[in-house]
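Please look over the sequence and the model shown here before reading on. The briefing that follows takes up the overall make-up, the confidence and a few local features in turn.

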Amino acid sequence: MNGTSTQPDPNERAELARLLPGPVERDLPRDRHQRLQEFVMSRIHQDLRSAEQAPRRSPKRWPVFLASALTAVAVAAAVTFVAVGHDSGPAGAPPAPGSSSTPINGGRTMSTRQMLLAAATSAERRPATDGAYWRVRTLREVRVGKVDHKQILEDWYGKDGYYWQGTLTLDGTGGPSGPASIYRDKKKSSRPFELSDRRFTLAEIKGLPTTTRGIVKWASGVARHVSPDWRQYDIDGFTTDLLIQLLAEAPATPQTRAAAFRALAGRPFVKNAGRAKDEEGRTGYALRIDGTRYLIDPSTATLLSESTTADGKYGATTYLKAGWTNEAPNPPSGH
Amino acid sequence: MRARVNAGDPDAFRELFDEHVRSVYNHAFRLTGNWSTAEDVVSLTFLEAWRLRDRVDAGADGGSLRPWLLGIATNVSRNVRRTARRHDGALARLPKQEAAPDFADEVTTRIDDRERLALVRTAMAALRKPEREVLALCVWAGLDYAEAAEALGVPVGTVRSRLSRARRRLDKLVTAGRLRPPEGDREPHAGHGQGEGDRGTAVRSAQENTR
C-alpha cells in the first residue's frame, strides 16, 4: 500500500485479479515431462564430461531453427528486396504525414543494407522540429482467432514533464466503438520519455550520439545495465530493439536518426523480408528480426509498423504519426 | 538445495526439474501463448539454470529457487531462438510432440477452459512484453514485487510501474467490452473462502505449488 513496500499493493492486485481471467494451468504431460527431463539431464552430463576433458571449453554456437510453432513464421532470407515499381501506391491509403510516395530506387533491387542506408540519408535531410508536446499516434491491433481488437493510442510527452495517454477503441468497421479517453500521469517526471521500458530526459535524447559507432555504443551501454544476468545475446537483442524504438518513437535529432538507421544496417540477425504493406496500406521494406517484422519507408525515414504472428495470434503496432506539436493533449479522434 | 545447485550436483537439477517444471511450463505458456513453445522454454530454462548455477547464492538461507527459475524462463521466453543458439542448437535434436493437443481437447472437462484460454490470450496480447512479464510473475505465479524484480533484474519501482500500466491497459480493455471480467468463471478456482483482496493470488500460489 505504501510507496516503499515490496509487497504488491493489495488494491492493485485485487483489481488485476478482477480484470484477468483465471490462470490456465496444466501439467506437462507425463511422457513429455520424462522426455524433457532426460534431455536436460543428458545435456548436463554431457557438459560435465566435456568439462572434465577440457576445462576451458571454447563456446561453440551455431544457429538453429526450432520446429515450434512460434518460429514457423521464420523463412529463409531472400538475398535482395525486389522493389516492384507500380506496387508503391496503395489505393486509398493515406500516406504518412509529409511522406512522399516516390519509391527509393524504384523498380530495381535493393539490399537490406542499401535500404537502411537510403533511410539514413533521408533522415539527415529532414528538418529538426519543435513544439510543446512530442506526440506519438499508433494503431495497435491484436487479432486472436476471430476476435479483432483495435485501438488508437496517443502518447503525449510534455516538455513540462507530464505524460498523457489517449485511447480510442475501434469497432469492426474501424469506427470508434465508444468515446475516446485521455489521462495524465499523476506524477511529473523529469524522465518522461520511455523507450524499451527505460526512461530518458528530453536533453538525453536530443544529445544522443550522431555517429553509427556512437549510437551503438550508447544503446549497448543501456542494454548492459538492464540485467546482471544478461549475456551478449541478450544485450545484442536489446540493443537492436532500443535502436528501433528510438526510430519509432523518440524525438531524436535528424543526425541521430540517421546514425540509428546506419547502425541497424550492421546489426546481427536482421533479415530481409521483402516488400509489404502495413495496416494502413502503406508500402515499405520489411525486416525480420527474430519473429518480429518491421516495415520501413526509406523515402520518409520512418518506421511504419512492427508486427508478429504466432500460433494464430497476430499483433501489430502501426506508427501513424510521431512529431512535435503545440496542440494541447486531447482525446484521439478516429481516422 | 541452493548449495547443491551451486556446486553443480546433477541430482539437484533433477529434483529442481521435478519440483518446478509445472511453474516454469505454465509461466512460459502465459508469456508465449503456445504450449509447444512453452516446452522449448522449459528445456532451455533448465539448461540456462545449469549454465548460470554459479550465480546461485549458496549461502542464502533456504529461499526457494522458483523466482530465479521464473526469471530465467522469462528471459528465455523473450527470445527462444536466441537462447537455443547458445545451447548449440541442442533443441533441434529433441523429438517434438507429435501434435500439440489443444487445451480444450485435454483431460479437462471444464467447459469454460477454452473460453478462458481465449480471454487470457486476448489480455496478454494487448499488453507490452514488459507488462506481460510482471503480470505473469506477480499475479499468476504469485511472486511479490521484490521477487519479481530480482527475477527480471530490474528495480522494484519498475515492477510496480509496469504492473500499474498493465492494470490501466486491462481496465481499458474491459471498459471497451473486449475483455469481460470473468466473474462466475473464477468461482470454481477461487471459491474457497479466500478474502476478496488476495484470493486470486492465494489460489494460484496453491496451484503452482502442487504438482
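In what order do the elements of chain B run from the N terminus on? They run α-α-α-α-α-α-α-α-α-α-α, and chain B accordingly is listed with 11 helices and zero strands, where helices (H or I, at least four residues) and strands (E, at least two) are DSSP runs numbered from the N terminus. The structure is a predicted model, in which local features need pLDDT of at least 70, side-chain atom pairs count only at pLDDT 80 or more, and totals for chains, interfaces and linings use all residues. Residues are numbered from 1 along each chain as its sequence is written, while chains are lettered from A and ligands numbered from 1 in the order in which they are written.

**Overall make-up**

- Chain A has seven helices and 13 strands, and of its 335 residues 36% count as buried, a residue being buried if 20 or more other C-beta atoms lie within 10 Å of its own, exposed if 12 or fewer, and partly exposed in between, with C-beta atoms placed from the backbone.
- In chain B, 51% of the 211 residues count as buried.
- Among contacts in chain B between residues at least 6 apart in sequence, 69% join residues at least 24 apart, two residues being in contact if their C-beta atoms, placed from the backbone, lie within 7 Å.
- For chain A, residues 24 or more positions apart account for 57% of the contacts with a separation of 6 or more.

**Confidence in chain A**

- The average pLDDT of chain A is 75, and 71% of the residues score at least 70, pLDDT being the predictor's confidence in each residue, from 0 to 100.
- Among the elements of chain A, helix 7 (residues 254–265) has the highest mean pLDDT (97), whereas strand 1 (residues 81–82) has the lowest (30).
- Over residues 55–107 of chain A the pLDDT is below 50, and this stretch has 107 contacts in the model beyond near neighbours in sequence.
- Residues 1–8 of chain A also stay under 50 in pLDDT, and for them the model has 12 contacts beyond four places in sequence.
- Where pLDDT is low, the predicted coordinates should not be read in detail.

- Strand 5 (residues 163–170) of chain A is mostly covered, since eight of its eight residues are buried.
- Both faces of this strand are covered, with Y163(A), Q165(A), T167(A) and T169(A) buried on one side and W164(A), G166(A), L168(A) and L170(A) buried on the other.
- Strand 5 of chain A runs antiparallel to strand 6 (residues 181–184) of chain A and is joined to it by four bridges, two strands being paired if DSSP finds at least two bridges between them; in strand 6, R184(A) is the bridge partner of W164(A).
- P332(A) lies in the segment after strand 13 (313–325) of chain A and counts as buried because it has 21 C-beta neighbours inside 10 Å.
- Although P332(A) and L168(A) are 164 residues apart along the chain, their C-alpha atoms are separated by 6.1 Å, and the residues that P332(A) touches, not counting those up to four places away in sequence, include G166(A), L168(A) and A180(A).

**A219(A) in helix 5 of chain A**

- A219(A) has its place in helix 5 (residues 212–224) of chain A, and A219(A) is buried because 27 other C-beta atoms lie within 10 Å.
- Leaving aside residues up to four places away in sequence, A219(A) touches T239(A), L242(A) and L243(A).
- T240(A) is 21 residues from A219(A) in sequence and 7.9 Å from it in space, C-alpha to C-alpha.

**Positive phi in chain A**

- Most residues other than glycine have a negative phi.
- F269(A), which is not a glycine, has a positive phi of about 70°; F269(A) lies in the loop between helix 7 and strand 9 (270–277) of chain A, and is partly exposed, with 17 other C-beta atoms within 10 Å.
- A301(A) likewise has a positive phi, near 55°; A301(A) lies in the loop between strand 11 (292–297) and strand 12 (302–310) of chain A, and is buried, with 23 other C-beta atoms within 10 Å.
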